[in-house]
Amino acid sequence: MDAALDDVFVDDITFPGTDGYALAGSLFLPRGTKRHAVLINSATAVPRKVYRGFASYLAHRGCAVLTYDYRGIGGSRQQAMVGYNQPKSLIGFKASMSDWAALDVAAAVRWMRERYNTLPLAYVGHSFGGQALGLIENNSEIARAAFVASQAATWKLMSPPENYRVFALMNLVGVPMSRLLGYAPGWLGIGEDLPRGVFLQWAEWVSHPRYLFDSKLPALANFAKYKGELRALSFTDDPWATRSAVELLCSGFTAVKPEVLSVRPADVGVKKIGHFGFFRPEHRDTLWRGVAEWIQGE
C-alpha cells in the first residue's frame, strides 16, 4: 500500500464480478477515521484513473472510496499471452452495457457494502455510471447518489449539431465498424476500445427516443427500487448531458424526488466544464467540495 497525495493511502486491488470475472479497482483510504464509503462509477470507455484526483479528495475528507474498471476497460481488460504488458484483443469478448450494470456495478456495490457495513454508502455516477444505478438489483443499499453529467443519452436530446454528429458516428460508422472488426476501436473518438456488445447496445439506446427506457430490459424494474437521496448535476455547456436528458434519466427513479442542478461554467469561475470537466482538480474548492459536502450530509 502506497502513500498518495492529500494524505491518503491508495491500494490497487481486484475483486470478483457477480460471475467471478476479475475486476481491477483502486481503494482510496484516509489515514484517520473512516466516516463514509463512496463508490465511483465510470462513464462509458473511461478508465478509473480519470477519477483518481476526486477519489483522493473524498478520502482526504474521511471517505473510503473505490474506483474500478468495467470488464474490457482499463485494468479489467485481460492481458495478452505474448508481448510485454499488452492488452488482449476484444474480438470475441462477451459484454454489454447491461452486463456492466448487472455483473460489475452490482458486484462493486456488494463489495463495498460488505467491507464497510457500518458506514453509509454513497454512489457517484458519471454518465453511464449514473444510468447503471437504476439497473442494478441491489441499489437499495445506496444511501445517497450523486450524478455527474449522467443522462438518458438519446441523440434527440443532445445539443445540435452535436446530436447529428453522434447519431452519424455511432450508426453509420461505429456500428458497421464494430461488426466488421469484432470490437469498437477507441480511435473512433469514443475513448478506450469497447467490446462489440457494449457498443452495439449503446448505439441502440442512443437511437431510441427515450434511450434505455425504450428497451425491454427486465432490469428496468430496478429503477423503482432505489429509495435513497439523489442529486444530479447538469452543466450548461455539456452537449451530451443536457438538462432535458438528465431530467429524463432522473424521471425513471419513481420512488424518490431527484434534485437536478444546472451549473454554468461562470458559476464556478471557469470558461468550460463540459461532459468531463468536473473531474479536473481546478474544481477542488467548488464542485468537488459541493458534492462531497452533500454526500456527507454537511
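1. The model discussed here is predicted. The lining of its largest cavity comprises 3 nonpolar, 3 polar and 2 charged residues by class. The residues concerned are Y21, G72, R77, Q78, K88, S89, L90 and F93. The volume of this largest cavity is about 30 Å³, and the structure holds 1 cavity of 30 Å³ or more.

2. Two of the residues that line the cavity, Y21 and F93, deserve attention for their rings. A search of the whole structure finds 23 aromatic pairs. Y21 and F93 form an edge-to-face pair, with 6.0 Å from centre to centre and 75° between the planes. This pair joins distant parts of the chain: Y21 belongs to the loop between β2 (8–16) and β3 (22–30), while F93 belongs to the loop between β5 (63–68) and α2 (97–115), and the two are 72 residues apart. Y21 and F93 are both buried.

3. Are W155 and F167 buried or exposed, or partly exposed? W155 has a relative accessible area of 16%, and because this is under 20%, W155 counts as buried. F167 has a relative accessible area of 29%; because this lies between 20% and 50%, F167 counts as partly exposed.

4. One aromatic cluster is formed by Y51, F54, Y57, F235, F278, F279 and W288.

5. Two arginines are placed over aromatic rings. The charged end of R31 sits over the ring of F9, at 4.6 Å from the centre of that ring. R144 lies over the face of W294, and the distance to the ring centre is 4.9 Å.

6. The largest pocket holds about 370 Å³ of space. Its lining has 24 residues, and those nearest the centre of the pocket are I190, W202, W240, H275 and F276. The elements that contribute two or more residues to this lining are α3 (128–133), α4 and α5 (196–207). Which element gives the most to the lining of the largest pocket? Helix α4 does, with 4 residues. By class, this lining consists of 16 nonpolar, 7 polar and 1 charged residues.

7. The second largest pocket has a volume of about 160 Å³. Its lining is made up of G74, R77, Q79, N85, P87 and E192. Sorted by class, these are 1 nonpolar, 3 polar and 2 charged residues.

8. The last point concerns cysteines. A disulfide is a covalent bond between the sulfur atoms of two cysteines. How many disulfides does the structure contain? The count, which takes a pair of cysteine sulfur atoms within 2.5 Å as a disulfide, comes to 0. C63 has 0% relative accessibility and therefore counts as buried, being under 20%. C250, at 5% relative accessibility, counts as buried because this value is also under 20%.

Conventions
Residues are numbered from 1 along each chain as its sequence is written. This is a predicted model: local features need pLDDT of at least 70, side-chain atom pairs count only at pLDDT 80 or more; totals for chains, interfaces and linings use all residues. Side-chain values use heavy atoms; hydrogens and water are left out. Rings of Phe, Tyr and Trp (its six-membered ring) pair if their centres lie within 6.5 Å; planes under 30 degrees apart count as stacked, over 60 as edge-to-face and the rest as tilted. Buried means under 20% relative accessible area, exposed over 50%, partly exposed in between (1.4 Å probe, protein chains only). A charge sits over a ring if NZ of Lys or CZ of Arg is within 6 Å of the ring centre and within 35 degrees of the ring normal. On a 1 Å grid over the protein atoms alone, a cavity is a set of points where a 1.4 Å probe fits but cannot get out, and a pocket is an open set with protein on both sides within 12 Å along at least five of seven lines; lining residues have an atom within 4 Å of a point. Grid points are joined across faces, edges and corners, and a volume is the space filled by probe spheres set on the points. Ala, Val, Leu, Ile, Met, Phe, Trp, Tyr, Cys and Pro count as nonpolar, Asp, Glu, Lys and Arg as charged, and the others, Gly among them, as polar.
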